[in-house]
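Please keep the 3D view at hand while reading.

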Amino acid sequence: MNAKSTYIIGIDEAGRGPLAGPVSVGVVLLKTNFNKKTLVGVNDSKKLSADKREVVFIKAKQLKKEKQIDYEVTLVSAKEIDKKGIVPAIKKALESGLNKLIKRHSLKPGLVMIKLDGGLKAPAEFFHQETIIKGDLKEYSIGLASILAKVTRDRYMEKIAKKEAFSSYQFAKHKGYGTILHRQMIKVNGLSPEHRASFCRNIGKFLNQSVN
């Protein structure tokens, strides 16, 4: 890490693969001397129960209010994913969240260390960046970003599930992922405006499976 860096930014996404709903990108800003004991329980969001993710999310929200940490979570809609593709959608969300934090804290890109999960990359002007395979397990800031992205997206899917137009899809149960239940709901009801049509082109072979 650059010796002059006083901040570290962790970035991760949630919802790359679902058949419905937005993709979500979390961008977390921490001081390099942030005390991790202030916010315990951080891990890969997929390794935590929904209840544990909520606990971390609520605590992180409080710490943001207290200005101990900062973060942005950006959602990009199914419609835009269909129009531009999932990779450009993630790139757009990543850059949006990152730029908001940089602007809000008047940071210079060259003085920030960025940690990203998997194949994610920040814009080239952030030359102190590291992409880490399974980074949500290995790097605290990425793990926290993964939780914030996951909970924000899940809450969105639970919210739209209560709307009459989407009630028949049971989004609160599967969050838009391609479960057998979800595929059966598509078979019965067709696609909704929240579905990624480009992701649903090859699901016909699954639609005759029975719901477990």
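1. Phe34 and Tyr140 are both buried, and in this predicted model their rings form an aromatic pair of the tilted kind, with 6.2 Å from centre to centre and 45° between the planes. Phe34 belongs to the loop between strand E2 (23–31) and helix H1 (50–65), while Tyr140 is in helix H5 (residues 140–161), so the pair ties together parts that lie 106 residues apart in sequence.

2. Another ring pair to look at is that of Tyr169 and Phe171, which is stacked because the ring centres are 5.5 Å apart and the planes stand at 10°, under the 30 degrees that counts as stacked. Tyr169 counts as buried, at 4% relative accessibility, and Phe171 is buried as well, with a relative accessible area of 0%. Ring pairs also bring in Phe166, which is linked with Tyr169 and Phe171 into a cluster. How many aromatic pairs does a search of the whole structure find? The search finds three.

3. Charged side chains placed over aromatic rings deserve a separate remark. Lys64 lies over the face of Tyr71, at 4.4 Å from the ring centre, and Arg196 lies over the face of Phe199, at 5.0 Å from the ring centre.

4. The open sheet has five strands in the order E3-E2-E1-E4-E5, and the pairing within it is mixed. Why is one side of E3 and of strand E5 (129–132) left without a neighbour in the sheet? Both strands stand at the edges and each has a single partner strand, so one side of each remains without a neighbour there. From one strand to the next, the twist averages 15°.

5. Within the sheet, strand E1 (residues 7–14) and strand E4 (residues 112–117) pair in the parallel sense over five bridges, and Ile8 has Met113 of E4 as its bridge partner. Helix H3 (residues 86–104) packs on the sheet, where it touches E1, E2, E3 and E4, and its direction makes about 150° with that of E3.

6. On its other pairing, E4 runs parallel to E5, to which four bridges join it, and Leu116 stands opposite Thr131 in E5. Is E4 enclosed or open, and what do its residues show? Six of its six residues are buried, so E4 is largely enclosed by the rest of the structure. Val112, Ile114 and Leu116 point one way from the strand, whereas Met113, Lys115 and Asp117 point the other way, and all of these are buried.

Notes
Residues are numbered from 1 along each chain as its sequence is written. This is a predicted model: local features need pLDDT of at least 70, side-chain atom pairs count only at pLDDT 80 or more; totals for chains, interfaces and linings use all residues. Side-chain values use heavy atoms; hydrogens and water are left out. Rings of Phe, Tyr and Trp (its six-membered ring) pair if their centres lie within 6.5 Å; planes under 30 degrees apart count as stacked, over 60 as edge-to-face and the rest as tilted. Helices (H or I, at least four residues) and strands (E, at least two) are DSSP runs, numbered from the N terminus. Buried means under 20% relative accessible area, exposed over 50%, partly exposed in between (1.4 Å probe, protein chains only). A charge sits over a ring if NZ of Lys or CZ of Arg is within 6 Å of the ring centre and within 35 degrees of the ring normal. Two strands pair if DSSP finds at least two bridges between them. Axes are lines fitted to C-alpha atoms, for helices over the stretch in contact, and angles run from 0 to 180 degrees between N-to-C directions. Contact means heavy atoms within 4.5 Å.
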